[in-house]
Amino acid sequence: MRVTISRTDVGLSVYIHKKDLEEPIISVEHKNLWGGFILLKNGWRIALPDLSQNRRLPVTVDARRLSS
């Protein structure tokens, strides 16, 4: 699914295009964000692709939702 990760006033958030849903990121598997899993406030776990560590935000990527 296509997601856009952006920086907000309170931290990072994810916009999920297919669901027209924006949720804050509450935890990340790797401190560099890319290539690991993120946990959203609604409980969804999403796997992000490997990207350059100096990638600027906002960025739109293909991601996978993992079962909770």
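Predicted model: local features only at pLDDT ≥ 70, side-chain atom pairs only at ≥ 80, totals over all residues.
# Notebook: a buried Glu and the strands around it

I started with Glu23, which is buried (under 20% relative accessible area with a 1.4 Å probe, protein chains only; exposed is over 50%, partly exposed in between) yet has no salt bridge. The nearest side chain of opposite charge is Lys41, 6.4 Å away. For charges, Lys and Arg count as positive and Asp and Glu as negative, with His and the chain ends not counted. A salt bridge here is a side-chain nitrogen of Lys or Arg within 4 Å of a carboxyl oxygen of Asp or Glu.

Local features need pLDDT of at least 70 and side-chain atom pairs count only at pLDDT 80 or more, while totals for chains, interfaces and linings use all residues; side-chain values use heavy atoms, leaving out hydrogens and water.

**Around Glu23**

I placed Glu23 in strand β3, residues 21-28. Strands (E, at least two residues) and helices (H or I, at least four) are DSSP runs, numbered from the N terminus. What does Glu23 touch, leaving aside its neighbours within four places in sequence? I found Ser13, Val14, Leu40, Lys41 and Asn42 in contact with Glu23, contact being heavy atoms within 4.5 Å. I also noted the backbone nitrogen of Asn42, 3.4 Å from a polar atom of the Glu23 side chain. A polar contact is a pair of N or O atoms within 3.5 Å; within protein, one must be able to donate a hydrogen and the other to accept it, and residues adjacent in sequence count only if both atoms are side-chain atoms.

**The salt bridge**

How many salt bridges are there by this rule? The count comes to one. Asp62 pairs with Arg2, and their closest N and O atoms are 3.2 Å apart. This pair links distant parts of the chain: Asp62 sits in β6 (residues 59-62) and Arg2 in β1 (residues 2-8), 60 residues apart. I checked Arg2 as well, and Arg2 is partly exposed at 41% relative accessible area.

**Walking the strands**

I counted strands as paired if DSSP finds at least two bridges between them. β1 and β6 run antiparallel and are joined by four bridges, with Thr4 standing opposite Thr60 in β6. On to β2 (residues 11-16): this strand pairs with β1 over six bridges, again in the antiparallel sense. Ile5 stands opposite Val14 in β2, and Arg7 opposite Leu12. β1 and β2 make a hairpin with two residues between them.

Next I followed β2 into β3, an antiparallel pair with four bridges. The bridge partner of Ile16 in β3 is Leu21. This hairpin has four residues between the strands, and Asp20 takes a positive phi near 50° there.

Then came β3 with β4, antiparallel over three bridges, where Ile25 stands opposite Leu40 in β4. β4 also runs antiparallel to β5 (residues 45-47), with three bridges joining them; Phe37 has Ala47 as its bridge partner in β5. The hairpin of β4 and β5 has four residues between the strands, and Gly43 in the turn has a positive phi of about 100°.

**The core**

Which residues have the most contacts inside the largest nonpolar core? They are Ile5, Val14, Ile38, Leu40 and Leu48, in a core of 16 residues. Such a core is a set of buried Ala, Val, Leu, Ile, Met, Phe, Trp, Tyr and Cys residues joined through side-chain atoms within 4.5 Å. The elements giving two or more residues to this core are β1, β2, β4 (37-40) and β6.

I looked at β4 face by face: Ile38 and Leu40 are on a covered face, Phe37 and Leu39 on an uncovered one. In a regular strand the side chains alternate between the two faces of the sheet. Not counting residues up to four places away in sequence, Leu40 touches Val14, Ile16, Glu23, Pro24, Ile25, Ile26 and Ile46.

Beyond four places in sequence, the contacts of Val61 are Met1, Arg2, Val3, Leu48, Pro49 and Leu51. Pro49 is 12 residues away along the chain, yet its C-alpha lies 7.6 Å from that of Val61.

Note on methods
Residues numbered from 1 in each chain as written.
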